Amino acid sequence: MSASTSKLDAESHLLLDEPLLRLPHEMLRKTFKTAQKHYEREQSWLMQSIKETTRKAADGVSAQDSLNSLDSIIIRMQGYKRKVENLHEEEKTLHGHSRKRIAHLQNLYEIPNLEDPAYDRWSRIRLDRLLVDFLLRSGYGESARLLASEKDIEELVDVDVFVQCAKIEQSLRRGNTAECLSWCAENKASLRKQKSTLEFELRQQQFIELVREGRKKEAIAHSKRFLASYADVHANDIYKVSGLLAILPTTQCARYKSLYSADRWQYLATSFINTHHNLYGLPQRPVIHIALSAGLSSLKTPSCHSSMTLSSGNTSSSTTSLCPICSTELNDLARNVPYAHHDRSSVEPDPVVLPNGRIYGRERIALLASKLSLPAGTIRDPTTGEEFDAEKVKKVYIM
């Protein structure tokens with residue numbers, strides 16, 4: 001391998017690794033916002049309580065009552081201290097994850113070329129990370145945790161985040177909105193910035209379930225309490241779902257049948273996953289799928305899925321058994337991925353164009369004709385297997 005081809009381009013290797021640093025950053029931001037919210041609330045309460053206690057003491061309240069007020073203040077502040085300490089520990093853990101991940105990425109920049117053994121070790125760690133990510137997204141949280149522990153990459157993966165996501169997803173698929181609404185409340189400000197409709201859709205589903213159960217008065221109260229505030233943005237949706245008050249769940253009217261459909265729970269689960277991943281800057285697809293698609297696309301050529309490429313022993317095909325895309329394991333997998341974009345074309349020496357429009361080097365088609373013992377004056381397309389009269393071949397000139 002030449003020096004130019006073995007040179008390591010770290011920047012291109014890290015195109016898919018943005019979530020590796022983005023997620024801890026988003027979690028730290030969330031932790032900081034939570035701590036800030038606790039501080040502002042407790043500070044306001046503390047100042048008001050001290051003023052109230054001072055006023056009562058000045059008004060001649062008994063010493064015991066003043067001590068009781070101070071004790072209640074101390075107890076609440078101790079509870080606040082425990083909350084802040086827990087948040088501080090969580091913050092320290094996230095900072096540790098960030099340092100470990102930055103060091104992991106920095107190691108790539110210190111590898112001189114692709115032939116260095118350190119590159120193999122780094123690539124193995126990356127593959128383990130991608131496998132853990134795939135397992136987590138597929139719902140195998142415990143297997144992902146065991147793999148991360150065995151490979152000692154717990155700080156490079158986000159098992160707990162995905163496990164929590166899967167837990168909420170499953171609760172939605174079971175028809176329960178409580179956990180997802182709690183998550184929405186925790187991330188209310190961020191969801192508002194994203195203009196997410198998830199919370200509205202959950203409240204809407206609660207309304208539908210109340211109507212389904214025949215609890216129409218409760219459904220109306222629910223609508224006034226939770227849906228009315230969305231009237232400016234979702235007026236049409238509110239009007240539509242309100243129509244269920246006069247429609248039975250057994251209706252065949254498509255407009256309302258879809259609202260009563262159990263498939264809405266699957267839609268809500270999918271909507272939650274998309275919202276969750278957007279909030280934390282995570283790709284919607286497993287990263288290993290993206291990496292594999294890019295790799296397959298870069299290696300794929302038209303001959304890989306030619307009708308003449310029946311087996312590695314097909315002598316009428318120019319396909320080599322060394323081609324990864326032509327292998328049994330990857331051929332079907334690569335069938336629908338696009339071909340790679342090439343800025344420069346690669347043309348064989350002395351190019352000629354066949355009657356079917358395909359271009360090859362003259363020496364290549366002559367060698368194939370000789371190898372296959374074709375009749376004199378006959379050539380064969382190495383890719384499609386079509387045979388033509390050699391006189392119909394035309395010289396190609398490149399300007």
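**Close-up views of a predicted model**

**View 1. Arginines over aromatic rings.** R76 lies over the face of W45, 4.2 Å from the ring centre. R203 is placed over the face of F226 in a like manner, at 3.8 Å from the ring centre. A charge sits over a ring if NZ of Lys or CZ of Arg is within 6 Å of the ring centre and within 35 degrees of the ring normal. This is a predicted model, in which local features need pLDDT of at least 70 and side-chain atom pairs count only at pLDDT 80 or more, while totals for chains, interfaces and linings use all residues. Residues are numbered from 1 along each chain as its sequence is written, and side-chain values use heavy atoms, with hydrogens and water left out.

View 2. W183 belongs to helix α8 (residues 178–186) and F272 to helix α14 (residues 263–279), so the pair ties together parts that are 89 residues apart in sequence. Helices are DSSP runs (H or I, at least four residues), numbered from the N terminus.

**View 3. The largest nonpolar core.** Of its 33 residues, V132, W183, L202 and F272 touch the most other members. A nonpolar core is a set of buried Ala, Val, Leu, Ile, Met, Phe, Trp, Tyr and Cys residues joined through side-chain atoms within 4.5 Å. Elements giving two or more residues to this core include α3, α5 (117–137) and α10. A second, separate core of 13 residues includes L227, I238, L244 and Y260.

View 4. In α11 (residues 216–227), the buried residues are A219, H222, S223 and L227. Seen down the helix axis, they fall within an arc of 105 degrees (directions from the axis to the C-beta atoms), so they line one face of α11. The face turned away from this buried side carries K217, K224 and R225, which are exposed (over 50% relative accessible area).

**View 5. D17 in its loop.** D17 is in the loop between α2 (10–13) and α3 (18–58). D17 counts as buried, at 5% relative accessibility. Leaving aside neighbours within four places in sequence, D17 is in contact (heavy atoms within 4.5 Å) with L105, W122, R126 and R129.

How values were computed
Buried < 20%, exposed > 50% of the residue type's maximum accessible area, 1.4 Å probe, protein only.
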